[in-house]
Each structure stands twice: as structure tokens, then as C-alpha cells.
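The sequence and structure come first.

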Amino acid sequence: MSAAPTVADLLADPLLRTARTLAGHAGLDRPVTDVIAYQGALDAIAGHLVICDAREAAPAYRLDALVRRAQEAGAAALCVTVDDTDRPPLSAVRLADRLRIPVLWVPTDDPFRLALDLTLRVRAPEVARARTVETLVRRLAHHTEGPDLIVAARSVLTADISLVTPDGAAILGDPVPPDTLRPELAVPQRTARLLAHPVHAGHRPGGAAPVPAWLLCPVDGVDDSRAETIALGLAVLEPFVRSWLAGARTRADHDRAARRRLLTDVVTGRSSVSRETVERAVALGWRLEDWHLGLFVRAERTPAGDGPDTFVTALVAALARHGLTVQAVAEDDAAWDLWASSTRRPATDDPRSLLRDVRRALAELPVRRRLVAGIGRPHQGPGGLADTLTEARNAARLAAAREFRPAVEHTDELGVGQLLAAWQQSDITRAFAETALAPLRDPEHAHLLTTLRVYLESGGSAAATARALGLHRNTVGARLHQVRDRLGIDLDDASYRLALQMACRALTGT
């Protein structure tokens, strides 16, 4: 059985969400053992919440007397039900503060219902809980879409419920910090501030499927009885949300397959695609006759519980933040063809700028996927879309040979990459590398050599280096300062950076 709620616990309950604590704040920790309606007598009311109609508390001297008698009889608090126009008398407020008895001012048009609900909350919380669950089930039965389900549950439980991914990203509602959950434990979890309930995906042959989502609700300042009600509500909500997610996954799988087939038809047909294919493409917003700039992205890892649809949404958003609005088609759960279309030919004189933007976009995404990407040249028409995507795939193969992640290459860099590969394999470059990097090659300073290599491959960006290595930016800055001191060179000089980059590649063979 749950402990008796305090006055403060009841004030945190939705039943008293319109209440004002006029006075007696020092007594809010008093336990409430029962609820009684005032009917002229205050006998045997120790620990009770006394509910009084505003007519019994007017004029002001009657409320003063009632406050004093309630305190003398040991009442936990005095709750006055009023309409919105009633105003509390100042004398009663001062008296209640002096006597340290809470006086609650509650606007309501149904004081009888309030008294009944509060009585059940205090005397029989399990009955109140059952009524809440029944109301919740009835309300959820009328909805099939996730947003509607969450809104219904929030309304019935009067709680801030959210649906998030295992890493805390929001699906519906508000996100939470990544370390809030322990997703490896697929069981309901409770901390001092949060309730979490797993939304299961079902079962897979050979083992349980990872949990794709979690239902969360903050419970700061909530007593045990209310927390139990919310936890039960989340358990009731879970199968409804699970059914919606399963349906959404099925529709998404069908949509992915349809988009993949369409892209295959476009690439295969090239400049002679059928009218039906063009119409299907137009329906999806694909402008086949425009200029296209292809991008291919592959993830070397697919973390458990990290849905491909959630990731590709984040990928498209990250590219958009850096000026690339793209269409995306999944090859599988770990590879995507993407392209940006425009009516005018994109500028081709600055592939390095585009390369930098894509690298920055991918650096904003979770490093655990270990992303590699390639960028094609701009080409026009359906055949041009096929060409730029092919070039992007070839560039991604070169990127995969790089040691750091994320790794991105542009097809215009393929020839340069081959030339640099020849340089870095030469005896002269190798000798230079062994001499120039000698102060960093001992085991004690291996971390400095790694930091330097990633810094140079990241275009000289300390922020990108920090993301790639999973370090704080200040740590990267301190390491680069040590590198400058040990090598005696200026990393701000482009010539030195190029020479050191070649030296690092010569030593690592990449």
C-alpha cells in the first residue's frame, strides 16, 4: 500500500491543477489520511483535508473562525471551493500563515465531484487508478495514429508523455539527453525524475528484437501513487503505440521498395524512360529533366534500435542545413542514394567547397554509424542522374579507404587521389615522413599523431576533429598545441599542412 499523500502531493495531482495555495505553505508536507466535506462540525478530523463551500466561508470572519477551528482539530489542510469571481479575505490568509495550516482556494463548478475524486485519491488510490486506466483504454480505442494516441494519453493522465528513440531523439514530444535511458535493459525503468516504458518491436528468430522506441514521462515532485498511475498508463499505451509503429514500418518498407524500383527504372532507362516512370517520378517530386548532383552514403555499422528511417531523416536535415536539399532512396538499411536537383547547372569550379559542406553535415550525425560518402559531378536529365550516382558510388569507394570517419570524397578528386597515392608511396615522401613525424611516432605520443592525421584529413577543422575522435574541442586544441611544439611547425600554413598530410598518409599507407 502506498504511503498517505501529503498536501503537496495532492497539489501536484491534476485533480487540483486549478488550486492556489493562499497561505500555510509551511504545512504542505502534512500527510492527508482522509477527505471530509464541512457540514458545520469539525470533530475527529485529524489528518483530514476539509473541503468547504465558499458560502460557508463568508463573510470573512467565518473563514477566520473556520481556519482556527480546523487547525485546533488537527486538520491537514482546508480546501475552499469557489467560483472564478471569489477573492480570499486578507485576514484569513494572515491567520493561516501564522497557524501554519494550508488553505487551498480551488475554482470549480462541481465541488461534489471534486470531493468524490479527492476521497478516492486518498482512501482508495487503486480504485482511482482503475478508473483512470478504463478512461484511457476507451479514449485510445478511438485512435490509430501515433500523435493522436500520445495526445489522448496526455489528456487522460494529465502528464507530459513523449515517444523517443533509444538514444533520446524525439519521435513524438520532447527529446531527452542520450544518457537518460539504459536501452540495453528492455524493461520499464524509473528514476527520481523519469518514468520510461519500452515499446517492443516483437520477436525475431534466434533472439529478441531491439527496442525501437521508449515512452517517457517526467515525474519530478510526483508521489508514489501518482507515479504508479502514470506507469500503468504507459503500460496500457504501449501496445497501441507498438501497433502504430509496426504499421508505419510496413508502410515505410513498402515506400522504400517502391522508390528503389522507380530509381532502378530511371537509371536503367536513362534518357528513354517510359511515360509511366516519368509520371511516378513527378508524383514523388523528382524533376528528372533538371540538373542533378549525386551523393552516395554508406554506414559501416547499423546500431541496434537505430531505425534507418530515423537516420535518413537526420541525414537529409543535416545536408539541408548546409545548403543541399536532396531526394533520398535507400539501397538497404545501411546505404542511400541521394541527389540534389536544380533547373540551372550547378557550379563545377569549386568541388572542394561542396566536399567541405558534405563533410560538415555528416560530422553532425552520430559517429557510431561510421559513415563514408561519395559525391558525383553535376549531370542533366534521367541519364545524367544515373551518371552522377555512379560517380558518387565510385568516390565513396575511395572514401572507404580512408582511416578516419566520417570520410567523404568527390569524384573530381579521384584523379588527384591517385596522384597523391603515387606521391605518398615514393621513397622521398616516406623518408620525409619518418623524419618530420619522428617526434610523434613513439607510443607515448601516438595519440598526438592520430589527432594530427584526423585534423589534416578534416580540412584543418578542430570541431570536426573533435567529433571524429569523440573528444571535447578543448582537448583537441590542447593536443594540436603539443603537436606544434614538438614538430616546431605552423599548422596555419597551408603548405605545411599539405606536406604533413602526405607524410601521415605515407606512414599509414592510406
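Just after α6, T158 takes a positive phi of about 50 degrees. The model is predicted, with local features requiring pLDDT of at least 70 and side-chain atom pairs counted only at pLDDT 80 or more, while totals for chains, interfaces and linings use all residues. Residues are numbered from 1 along each chain as its sequence is written, and side-chain values use heavy atoms, without hydrogens and water.

Helices (H or I, at least four residues) and strands (E, at least two) are DSSP runs, numbered from the N terminus. The expected span of a helix is 1.5 Å times one less than its number of residues. The table sets out the two helices treated here.

| Helix | Residues | Number of residues | Expected span | End-to-end C-alpha distance |
|---|---|---|---|---|
| α16 | 473-487 | 15 residues | 21 Å | 21 Å |

Buried means under 20% relative accessible area, exposed over 50%, and partly exposed in between (1.4 Å probe, protein chains only). In α6 the buried residues are G146, L149, I150, A152, A153, V156 and L157. Viewed down the axis of α6, these residues fall within an arc of 160 degrees, so they line one face of the helix. The arc is that of the directions from the helix axis to the C-beta atoms. An α-helix has 3.6 residues a turn, so residues three or four places apart point the same way. The cover over the buried residues of α6 includes α5 (125-140), β7 (170-172), β12 (213-218) and α7 (224-269).

P147 also belongs to helix α6. This proline is partly exposed, with a relative accessible area of 40%. Leaving aside neighbours within four places in sequence, P147 is in contact (heavy atoms within 4.5 Å) with L172 and W244. The C-alpha atoms of P147 and I171 are separated by 9.5 Å, and the two residues are 24 apart along the chain.

## Helix α16

The buried residues of α16 are V476, R479, L480, V483 and L487. Their arc, seen down the axis of α16, is within 100 degrees, so they too line one face of the helix. Exposed residues N474 and D485 sit on the face of α16 turned away from its buried side. Just after α16, G488 has a positive phi of about 65 degrees.

## The aromatic pair

The structure holds one aromatic pair. The ring centres of W286 and W339 are 5.0 Å apart and the planes stand at 85 degrees, so the pair is edge-to-face. Rings of Phe, Tyr and Trp (its six-membered ring) pair if their centres lie within 6.5 Å; planes under 30 degrees apart count as stacked, over 60 as edge-to-face and the rest as tilted. W286 lies in the loop between α8 (275-283) and β13 (291-299), and W339 in strand β15 (residues 335-342), so the pair ties together parts that are 53 residues apart in sequence. Both W286 and W339 are buried.

## The chain as a whole

The chain has 17 helices and 17 strands. Its C-alpha atoms fill a box of roughly 100 × 65 × 50 Å along the principal axes. Of its 510 residues, 45% are buried. Among contacts between residues at least 6 apart in sequence, 68% join residues at least 24 apart.
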